[in-house]
Amino acid sequence: MTRSCSRASESSLNPALRERLDELRGRDLYRRRRVVQEWSQEDAGVVASVDGARRVVFCSNDYLGLSHHPRVVAALRDAAARYGVGSGASHLVTGHGIEHHALEEEVAAFTGRERALLFSTGYMANLGIAAALVERGDQVLEDRLNHASLLDAALLSGARLSRYAHCDATAVAAKLAEPREGATLVMTDGVFSMDGDVAPLSALASAAQSSGALLMVDDAHGIGVLGARGRGTLEHFGLDAGRVPILMGTFGKALGTCGAFVAGAEELIEYLIQRSRTYIYTTALPPAIACATRTALRLIDEESWRRDRLLANIARFRSAVHQAGIELSSSATPIQPIVLGSAARAVAVSEALWERGFWVTAIRPPTVPEGTARLRITLSAAHHDDHIDSLVDALTHALRGTS
């Protein structure tokens, strides 16, 4: 009986899925994975062998070029030899080791907060924050262009989700002034991942503070990049833990490893340990990853020239694009989107760049709103001047050839 039910289920499911896949292909929304075979030894992090071809990569989030740093690699290798590959369990069972504990303490010091808590991914951190702090009867206010993990976090929490116009702090203040029952959590990206612009955090912090709402900032793309010392968007605006009580950041961007953290007051972290389901019910990061991340965290201070180089690369790219007459957003971060409108054109330009030796992914709905498909070009401290100049030249030809 079980086998016949299984066969019937498969026979009805597969044609329906094939039809949906064909629909995605027909709308230029079908995504496929490219396979990275190896990275260049000379230009690790920005030049790779992909699907059997050498390509210069302009779509990675390895902003400081730390993912292949010899000290980070050595820390990972040596820690794996000492502690093994996996952590073996969740943090609350046997998975919380000395490297995890040390990293939490160092992240707390790095961000200027009382404590920090590790999560396996940024997605899980965001879900864990919202589910622990709000529930049915509460509300969550979010920017319309927030990352999917923030939106999903609000939806899964059971609280009422209300979305405001992009970067509109006035709308947030007006919403917070309305009479309400229950708690209110304002969740926003620090740097918006598809546009590269920065949230108006000072105004949001003032609005939240005056109304008694909690403000949470996802600074995945700001940590290590923005601020005089690379502390992120909050340092950029001069905001402390009193103004922004909940800070989330990831290790998989500027720090070059993987995982995430939440930083805040002692009570916040302790409460998340007790109530955050995505922390309690998942295996801890490998201790070797924690060790490698500790090394990367130190390198942000020790090799501040990487941040300077990244800023210089951003300026060089923007200047060259402007001279080429290509329309560009006002982003001052490593994320430099070129909005092309239709998914078909974004794919065509991406493929044209691929043929010229550059890997730039086409970003299409539902990742971005309809009619705003784009190239999401990202810069790294590891890019050379000739990488950038050659990309702009190839981009100029690709846009002309697909107009």
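I count Ala, Val, Leu, Ile, Met, Phe, Trp, Tyr, Cys and Pro as nonpolar, Asp, Glu, Lys and Arg as charged, and the others, Gly among them, as polar.

The model is predicted, so local features need pLDDT of at least 70, side-chain atom pairs count only at pLDDT 80 or more, and totals for chains, interfaces and linings use all residues. Numbering runs from 1 along each chain as its sequence is written, and side-chain values use heavy atoms, without hydrogens or water.

**Pockets**

I looked up open pockets (1 Å grid over the protein atoms alone, 1.4 Å probe, an open set with protein on both sides within 12 Å along at least five of seven lines; lining residues have an atom within 4 Å of a point). Volume is the space filled by probe spheres set on the points, which are joined across faces, edges and corners.

The second largest pocket holds about 300 Å³. Its lining has 15 residues, with Leu145, Asn146, Pro366, Thr367 and Val368 closest to the centre. I sorted that lining into eight nonpolar, four polar and three charged residues.

The largest pocket has a volume of about 870 Å³. Of its 29 lining residues, Arg32, Thr361, Ala362, Ile363 and Arg364 are the closest to its centre.

**Contacts**

I then checked Leu353 for contacts (heavy atoms within 4.5 Å). Beyond its neighbours within four places in sequence, Leu353 touches Phe358, Val360, Leu375, Leu391, Ala394, Leu395 and Ala398.
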